[in-house]
Amino acid sequence: IFIVIYKLMHGIRKCMTLMTQSVMNFFYRFLFKKMDGVIESPHQLLGCRYISIGKNTRVYENVILTAWNKYESQNFSPTIVIGENCNIGEHCHITACNRIEIGDGVLTGRYVYISDNSHGNPANVEEQNISPSKRPLYCKGPVVIGNNVWIGERVCVMSGVKRQSRRSFIPSESTASLSRANLSSILSSVRESTWLSPTLCT
C-alpha cells in the first residue's frame, strides 16, 4: 500500500509541475523577445526582453539565463539567441552583455557555462587589486555556436568563440576560449583553469 501511495503522490506532483510550467511558459511569451520553446523551472531569468528561444527548444530545470543591459555604471545592449530544436541541459548558465548565438539542434550536458563576458580584463594587472565583483565587465567579443553542436557536461564556453562549427563535439569539463574554433570535431578532453586556449585535436 505504501508503494501505491508513493506512486500516487509522485503522479500528483508531476501533474502539478507540468501545470505550473504550462502557465509560466504562457507568460514567458510576453516577457521574452521571442519564446517558441519551453523552459522548465528556471533558477534565474534576467533581461528576458533580450532573449529569443526557437521552436521546439527545451530548456531544462534550474537553468540561469541572464542578459545584462546594465552592470554598475556600465550600459550594454545584450542579445541571447537560442535556435530551434535545441536541448539545454539542467543547471546550465548562459550569460551575456554583448551577444550569444546558439544555432539549431544544439545539445548540451548539465552544468554548461556559456558567457561572453568576465569580471575584469585578465590582461589588466591593475584590476587584480580590485574585488572581482567591483571590476567592470569585459567582453572580447560575441559567442557564436553553430548548428548541431554537442557540448558535453561542465564545459565552459567563453567570450571570443566566434564560431563553433556544425556537428562539433566539445568534451566534458573543457574550456573553449578561442577567437575562432572552426573544427569538424574536438576530441581532446581538456581540463582548463586558465585564460589560455585548450589543446584541440582534429
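With which side chain does the side chain of Ser115 make a polar contact?

Analyst: The model is predicted, and the values below are computed from it. The side chain of Ser115 makes a polar contact with the side chain of Tyr113, at 3.4 Å. The side chain of Ser115 also reaches a backbone atom, the oxygen of Asn117, at 2.8 Å. Ser115 belongs to strand 14, and with a relative accessibility of 0% Ser115 counts as buried. When neighbours within four places in sequence are set aside, the residues in contact with Ser115 are Thr95, Ile100, Val143, Val157, Met158 and Ser159.

Ile100 is the bridge partner, in strand 12, of Ile80. Strand 12 covers residues 99–102 and runs parallel to strand 9, residues 79–82, with four bridges joining the two. Both strands belong to an open sheet of five strands with parallel pairing, in the order 1-4-9-12-17. Strand 1 (34–35) and strand 17 (143–145) each have a single partner strand and stand at the edges, so one side of each lacks a neighbour in the sheet. Val143, in contact with Ser115, falls within the residue range of strand 17.

Although Tyr111 is not a glycine, its phi is positive, at about 60°. Tyr111 is partly exposed, with a relative accessible area of 35%, whereas Ser115 is buried. Arg154 lies over the face of Tyr111, at 4.5 Å from the ring centre.

Asn148 is placed in the loop between strand 17 and strand 18 (150–151). At 39% relative accessibility, Asn148 counts as partly exposed.

Tyr28 and Phe32 are both buried. For Trp68 and Tyr71, the ring centres are 6.0 Å apart and the planes stand at 85°, so this pair is edge-to-face as well. The accessibility of these two residues can be set side by side: Trp68 is partly exposed, with a relative accessible area of 26%, while Tyr71 is buried, at 14%. A further grouping is formed by Phe26, Phe27 and Phe30, which make up one aromatic cluster.

The cysteines complete the account. The structure holds zero disulfides. For Cys139, the closest cysteine sulfur is that of Cys97, and the separation of 4.8 Å is too far for a bond, because a disulfide requires sulfur atoms within 2.5 Å. Cys139 is partly exposed, with a relative accessible area of 25%, whereas Cys86 is buried, at 0% relative accessibility.

To return to the part in question, Ser115 is a buried residue of strand 14, with side-chain links to the side chain of Tyr113 and to the backbone oxygen of Asn117.

Definitions and conventions: Residues numbered from 1 in each chain as written. Predicted model: local features only at pLDDT ≥ 70, side-chain atom pairs only at ≥ 80, totals over all residues. Heavy atoms only, no water. Buried < 20%, exposed > 50% of the residue type's maximum accessible area, 1.4 Å probe, protein only. Phe/Tyr/Trp six-rings, centres within 6.5 Å; stacked < 30°, edge-to-face > 60°. Lys NZ or Arg CZ within 6 Å of the ring centre and 35° of its normal. Pairing = 2+ DSSP bridges. Polar contact = N/O pair within 3.5 Å; in protein donor to acceptor, adjacent residues only side chain to side chain. Contact = heavy atoms within 4.5 Å.
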